[in-house]
Amino acid sequence: MYEAIIFDCDGVIVDTENMINKIFQEELAILGLNLTHKEMDHYFSGYAATANLITIAELLNAPVPDGFSEKVQSRFKDAMTESLTPIPGIIELLKKVKCPFAMATNSRTESLKFKLTKIGLLDTFKVRFCVEDVENPKPSPDLYLKAAEALQIEPQHCIAIEDSVAGITAAASAGMTVYAYSASMDKEAQLNAGAALTFDSMKELETLLSL
C-alpha cells in the first residue's frame, strides 16, 4: 500500500508535451534536424533544457546557434498563454487524493508557477521541486528523493506518476513504484524504463490508486 504520491508536471498535470514537442520539432527542422514524434520523445521528453541543448549539439555535430533557446522558450510561453490546459481528469483526481502528495519536475521554477497558476493548481501543490532545486535533474533520482524527504515518506512507499522515459528512470532509481501515463507515449519504452504499469486515462489511474 502506498503512503504518498509524487507527480511529474509536463504531460501528467498539464498538457504540454505534445505542444512543446511540436514547437521544438519545427525549430529543429529549421536547423536541418527532421525528427519523428517517436524520436522527439526519445531524445528530449522529460529532460532538462540544458541536457536538451547538449543533445541538439550532438545531433547537429555543431554548436547550437545563438538565440535558439530564447526563440524556442518565447514560442513555448506564447503557446502556453494561449492554450495551456490540464490533462483531462487530473483536477478531479487530485480532489480525491487523501494521502500526502508532491510534485517533482525538470521545469524551471518560474515556468512551473506559470503553468500551475494558469490551470488553477498552484495552491494545490504546496510541496514542489524544480530543476534548480537539485544538482542532478531527471533521469537522476535527486528530485524524487528530495520530494519524498520533504513528505517524510520512504521512497519505497511512494508512487510516482510519470510519462517520459527520463522521469520514469528517475523515479524507479529512487526506489519508487512508477505508474506511467501512456496516452501519447510508447508503452513499451515506459515499461522498459522501469514503470510498473501503464495507464491511458486519469479515470483509470483513479481505479489503480483506489480513489
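Reader: Which residues lie nearest the centre of the second largest pocket?
Author: This is a predicted model. In it, Lys38, Asp41, His42, Asp186 and Ala189 lie nearest the centre of that pocket, which is lined by 15 residues.

Reader: And which elements give two or more residues to that lining?
Author: They are helix 2 (37–44), helix 8 (165–173) and helix 9 (187–193). Helix 2 provides the largest share, four residues.

Reader: How does the lining of the second largest pocket divide by class?
Author: Six of its residues are polar, five are nonpolar and four are charged. The space in this pocket comes to about 210 Å³.

Reader: What about the largest pocket, how much space lies there?
Author: The largest pocket holds about 780 Å³. Its lining has 30 residues, and those nearest the centre are Ile20, Ala49, Gln73, Phe76 and Lys115. Two or more lining residues come from each of helix 1 (17–30), helix 3 (49–60), helix 4 (68–83) and helix 6 (109–118).

Reader: Which helix gives the most to it?
Author: Helix 4 does, with seven residues. By class, the lining of the largest pocket has 12 nonpolar, 10 polar and eight charged residues.

Reader: Turning to the strands: on strand 1, which residues are buried on each side?
Author: Strand 1 spans residues 4–7 and is covered on both faces. Ala4 and Ile6 are buried on one side, while Ile5 and Phe7 are buried on the other.

Reader: Which residues stand opposite Ile5?
Author: In strand 4 the residue opposite Ile5 is Ile159, and in strand 2 it is Phe101.

Reader: How many bridges join strand 1 to strand 4, and are the two parallel or antiparallel?
Author: Strand 1 and strand 4 (residues 158–162) run parallel and are joined by four bridges. The pairing of strand 1 with strand 2 (residues 101–104) is also parallel, over three bridges.

Reader: Stepping back, how many helices and strands does the protein chain have?
Author: The protein chain has 10 helices and six strands. Its C-alpha atoms fill a box of roughly 50 × 35 × 30 Å along the principal axes.

Reader: Why does its radius of gyration agree with a compact globule?
Author: It agrees because a compact globule of 211 residues would have a radius of gyration near 17 Å, and the protein chain has 16 Å.

Reader: What share of the residues counts as buried?
Author: Of the 211 residues, 46% count as buried. As for contacts between residues at least 6 apart in sequence, 63% join residues at least 24 apart.

Notes:
Residues are numbered from 1 along each chain as its sequence is written. This is a predicted model: local features need pLDDT of at least 70, side-chain atom pairs count only at pLDDT 80 or more; totals for chains, interfaces and linings use all residues. Side-chain values use heavy atoms; hydrogens and water are left out. On a 1 Å grid over the protein atoms alone, a cavity is a set of points where a 1.4 Å probe fits but cannot get out, and a pocket is an open set with protein on both sides within 12 Å along at least five of seven lines; lining residues have an atom within 4 Å of a point. Grid points are joined across faces, edges and corners, and a volume is the space filled by probe spheres set on the points. Ala, Val, Leu, Ile, Met, Phe, Trp, Tyr, Cys and Pro count as nonpolar, Asp, Glu, Lys and Arg as charged, and the others, Gly among them, as polar. Buried means under 20% relative accessible area, exposed over 50%, partly exposed in between (1.4 Å probe, protein chains only). Two strands pair if DSSP finds at least two bridges between them. The radius of gyration is taken over C-alpha atoms; the globule rule is 2.2 Å times the number of residues to the power 0.38. Contact means heavy atoms within 4.5 Å.
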